[in-house]
Amino acid sequence: MKAWFLIDAVLLGAILVIIWLLFHRQRLLSALAAFSKGRLNRGQLAVTWIASGLLFLTIWDVLSRLEPEGINKVPGPVQTVAAAWRLLVSGPLIGEACISCLRVVIGFTAASIVGVGLGLAAGSFLLVNRLVVPVNSFLRYIPPTAFISLLIVYFGIGETYKYAVIFLGVIFFITQMVIDVVEDLDKRYLELALTSGFSNWRIFREVVVLSSWPRVLDVLRINLSAAWTFLVAAELIGAEEGLGHLIAVSQRYLRIDELYVGILSFGVIGVVTDRLLDLVGRRLFRWHYVRIKQ
Amino acid sequence: MPIIELNNVSFGYDSTLVVRGLDLSIDEGQIVSIMGPSGCGKSTVLRLISGLEKPTSGGCVFAGQLLERPSALLRFSFQDYDAFPWRTVRQNLLLGGASEKGDERSFAVDDLLRKIGLADHDRKYPTELSGGMRKRLALGRCLAGKPRVVLLDEPFSSLDADARHEMYSLLQELWAEWHGLMVIVTHDVHEAVLLSHRILVSERAPFRTRGEVDVLFGHPRDESISVTQEYLSVSQRIRELFRVDAR
């Protein structure tokens, strides 16, 4: 036990020393993160990612060995990775993850199409705004999980119910956030369009929609993480497949290491999808990222 | 017949009067500069001419008709933003050329790209261009589709001296070929004399024409005119109009 603590302490110390050696010359340690981020080169960025991961794993390892009274066994990173490997090779992890992903894709895509469309229209046209905003604001304040019982009554506990929970969980937020994006639009571009002789419809297509896309994508990235939250809420009740179901079963049979694997899988899927959306955004909206860089 | 007429135009925000009883008449085929002390309402006059602002009283007439809303025939180049950043250089020029169709529009844009020296940068986004290139794009965008009037609000204020001189030549070349009406708001006496046929000087706010000066040099003009007697007397006259305020 003591040997492990020693290893963790050395690891922690090594990480801090590496960070110090890399950054102290550039006075970045004391600088605000927002200002110093752009000054890191690729190597330094990679080091910060690795250091951040190692820091998390080390702290987790230390906590797992403390064994506080009254708390069930906390599996360390090594045990959890072993359980993940077991579930990957012979167990249901990939299958359950695919089912969960499919549910999120369907529920979230439907909410995105409706929410972005409504948000763009309500942000641009006064009449739509007056019709949509009051209702949307009201519905946004109802906790989406409060709809679960109602949805079970209507759809049972089949797939439609899970899509509906995700849909209702994010649609009101997507709509409001897209309205905010449109309202934030630099009005000078509207004037540029007016003096170029654009009609109202052309201003909507050419200025509102095209200029909003990069930030709409950010809205979708933020809400995608919320969609996963609502998926788990839906899967914990009456699901027979999916990561939420894996978590529920692991809890029932006290397979704590598998419970950890289920929970951490969301983090892995989240990071991968977020990076993918970021890459897609940088490819599609080069003009936006060039502007940010300047 | 004048293409722009402002008849007893007044304009204000809340309780502040920005333009007071302005009468102005401008003919086609010339370059006119509007000058005056900072905050006197020069840019507001330009916005009134473009139809972006509606007068509180009086009327703005464009080509014999009361101006109700902005038109593609009255192009505006704003001080800090010159093109749609989400469109490439070529697309920005295509968006401006509303009066031509299909291939004709594409040829006109090719021609314009060559004239403004951005033929090799047509696939770039405006944010990928230098300050001088962006100003050239702004001029090109204004002239795409051959409008009747181009309004430029302090078009070269952000450029260094070399880039400015380049822009003065380009503007004169483009104007000579197009021959429409250009109205420029500027602070720079040299710029006004070098480019304009007619210079209007305003009082302090609210905007009201204090006097105007005609510049009789032929176009194109270059820096060599700045040593002539005519240039010196015109510049002197403008400075005197400014000085009335300072007293």
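Visitor: Where is Asn8(B) found?

Guide: Asn8(B) sits in strand E1 of chain B, residues 4–13. Keep in mind that this is a predicted model.

Visitor: What is the phi of Asn8(B) near?

Guide: First the general idea. Most residues other than glycine have a negative phi. Now the case here. Asn8(B) has a phi near 50°, a positive value, and is not a glycine.

Visitor: Which class does Asn8(B) fall in, by relative accessibility?

Guide: Partly exposed, because its relative accessibility is 47%. The cut-off for exposed is over 50%.

Visitor: Where does Asp14(B) lie, and what is its phi?

Guide: Asp14(B) lies in the loop between E1 and strand E2 (16–26) of chain B. Its phi is about 50°, again positive in a residue that is not a glycine. Asp14(B) counts as exposed, because its relative accessibility is 84%.

Visitor: How do I read omega?

Guide: Most peptide bonds are trans. In chain B, the bond from Ala205(B) to Pro206(B) is cis, with omega near -5°. Pro206(B) is in the loop between strand E9 (198–202) and strand E10 (209–214).

Visitor: What is the peptide bond from His219(B) to Pro220(B), cis or trans?

Guide: That bond is cis, with omega near -5°. Pro220(B) is in the loop between E10 and helix H7 (229–246) of chain B.

Visitor: Is Ser265(A) buried or exposed?

Guide: Ser265(A) counts as buried, because its relative accessibility is 11%. The cut-off for buried is under 20%. Ser265(A) belongs to helix H12 of chain A, residues 256–284. Leaving out residues up to four places away in sequence, Ser265(A) touches Leu93(A) and Leu243(A).

Visitor: Next, nonpolar cores. How many residues has the largest one?

Guide: The general idea comes first. In soluble globular proteins, nonpolar side chains tend to be buried together. Here the largest nonpolar core has 93 residues. Those with the most contacts inside it are Ile174(A), Ile4(B), Leu6(B) and Phe84(B). Helix H10 of chain A, residues 200–236, gives the largest share of this core, 17 residues.

Visitor: Why does this core lie between domain 1 and domain 2 of chain B?

Guide: Because both domains give residues to it. Domain 1 covers 4–73 + 150–246, and domain 2 covers 82–146.

Visitor: Which residues is Leu6(B) in contact with?

Guide: Set aside its neighbours within four places in sequence. Leu6(B) then contacts Leu22(B), Asp23(B), Leu24(B), Val45(B), Ile49(B), Gly59(B) and Cys60(B).

Notes
Residues numbered from 1 in each chain as written. Chains lettered and ligands numbered in written order. Predicted model: local features only at pLDDT ≥ 70, side-chain atom pairs only at ≥ 80, totals over all residues. Heavy atoms only, no water. Helix = DSSP H or I, 4+ residues; strand = E, 2+ residues; numbered from the N terminus. Buried < 20%, exposed > 50% of the residue type's maximum accessible area, 1.4 Å probe, protein only. Contact = heavy atoms within 4.5 Å. Core = buried A, V, L, I, M, F, W, Y, C linked by side-chain atoms within 4.5 Å. Domains from an automatic or database assignment.
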